[in-house]
Amino acid sequence: MTADAIRTAAAHFHTCIDRMWPAAARRGISKSVFHNATASLTPDLRIMDLLDNQPEFTKSFWDYLDILVTNERIEQGRALLEKYRSAFDSVERAYGVDRHIIAAIWGVETNYGTLIGERSVLRSTATLACIGRRQDYFREEFLSTLEILQHGDVRPDRLVGSWAGAFGPTQFMPTAFKKYAVDFDRDGHRDVVDSVPDVVASTANNLKKDGWATGNTWGYEVVVPATFNFLLADHSRPMSLRDWERQGIRRANGQPFPRPDEQAFLLVPAGVQGPGFLMLNNFSVIMKYNPAEAYALAIGHLADRLRGGGPFLQDWPRYERVLSRTERLELQQLLARHGYDVGEPDGLLGLKTRSAIRDFQAKNGRIPDGFASAGILDQLRAR
Ligand code: CA
């Protein structure tokens, strides 16, 4: 969105908010709650920059993991698990979701509640509902925020969080709150901000409802031979672990897969030069929490470390230069110009861009590993 377009949308902010009143009324929001919440509301235009700069899409996997899975965060997570052991015990019994995953979400989302964000959820969601490229999505979040205020689950002054409107230690979006929040400590409020039992149980309930397989892990680090057919490394190409083994894939630690009949897809986030991962159902469940592979891998890995596991065994291609936002946009635009489907170029490297890079690599005699390297950009520029 251009600066001009943002200014124009901002000028119509209040008209836009008022137009949402009928939808709010249909949800049982009273005139007074709506009025009190919106009368003096102004858009927060600083958010518009953050919308296009999400680290889970803009950093390399290794930089992202380095920032989030540190020795300090591992120690703090273990201390947290100890401190709230009884809450984790009862939640694990009630929901069957591994406590280490919950603690990892807590750690990655807000550094265990210490980086919770200070933006008003109401203001953020209102801004994004009226300005920018995801208005439909955020209109639903804004209306859900009003519902939370109407029901009084979370105190208005505690309804603060990230630029996108996620709040509490494990960063519930307002719509996710509606679907998944539970009053585990039975005080009459579903308080995913200040009640630890409610936070832990609501997060577990979210994962469970999204299909978490009890007693199972998220996936395995694997070694992928250089001669491998990388076109198979795709979310849409799951196979049993046994079949992956037949393709030459091995666990990095040399051990066998405990349940070889399980279905998994192969992820090679840094291409042929980096580690591979076979991802089970629970990895896809974590991605429903935040649809970024780097995010889900950080959660899975931090959980393993909290449990006492070691670091990944294979090296990342740290010598690869990470593309800037301008370069990522250019890469997408060049791919689109050459007829590859990248969706709407947004500078964020998602599944569509990877698949387009793979097509390009395959047609140009390269290993189709989908990795957005500086070399690929050079090759596209030269055409
Ligand atoms: Ca409660």
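Is aspartate 187 buried, exposed or partly exposed, and what is its relative accessible area? In this predicted model, aspartate 187 has a relative accessible area of 45% and is therefore classed as partly exposed, since that class covers the values between the limits of 20% for buried and 50% for exposed residues.

Aspartate 187 belongs to the calcium site, where the protein donors are Asp183 (OD), Asp185 (OD), Asp187 (OD), His189 (O), Asp198 (OD) and Asp198 (OD), at 2.2 to 3.2 Å from the ion. Along the sequence, the donor residues follow the spacing D-x1-D-x1-D-x1-H-x8-D. The arrangement is irregular because the angles subtended by the 6 donor atoms around the calcium ion run from 44 to 162°, and an octahedral assignment would require opposite donors to be over 155 degrees apart with all others between 65 and 115. Histidine 189, with a relative accessibility of 35%, is likewise counted as partly exposed.

Phenylalanine 34 is buried, with a relative accessible area of 5%, while tryptophan 21 is partly exposed at 22%. Tryptophan 21 also has lysine 31 over its face, at 4.6 Å from the ring centre.

An edge-to-face pair is formed by phenylalanine 277 and phenylalanine 312, with 4.9 Å from centre to centre and 65° between the planes. Phenylalanine 277 lies in strand β7 (residues 276–279), and phenylalanine 312 in the loop between α17 (293–306) and α18 (325–337), so that this contact ties together parts 35 residues apart in sequence. Both residues are classed as buried, phenylalanine 277 at 0% relative accessibility and phenylalanine 312 at 17%. These two phenylalanines are also members of a cluster in which ring pairs link Phe61, Trp62, Phe277, Phe312, Trp316 and Phe371.

A further contact between a charge and a ring involves arginine 134, the charged end of which sits over the ring of tyrosine 137 at 4.3 Å from its centre.

Methods: Residues numbered from 1 in each chain as written. Predicted model: local features only at pLDDT ≥ 70, side-chain atom pairs only at ≥ 80, totals over all residues. Heavy atoms only, no water. Donors = N, O, S within 2.8 Å, 3.2 Å for Na, K, Ca; no water. Tetrahedral: all angles 85-135°; square planar, octahedral: opposite > 155°, others 65-115°. Buried < 20%, exposed > 50% of the residue type's maximum accessible area, 1.4 Å probe, protein only. Phe/Tyr/Trp six-rings, centres within 6.5 Å; stacked < 30°, edge-to-face > 60°. Helix = DSSP H or I, 4+ residues; strand = E, 2+ residues; numbered from the N terminus. Lys NZ or Arg CZ within 6 Å of the ring centre and 35° of its normal.
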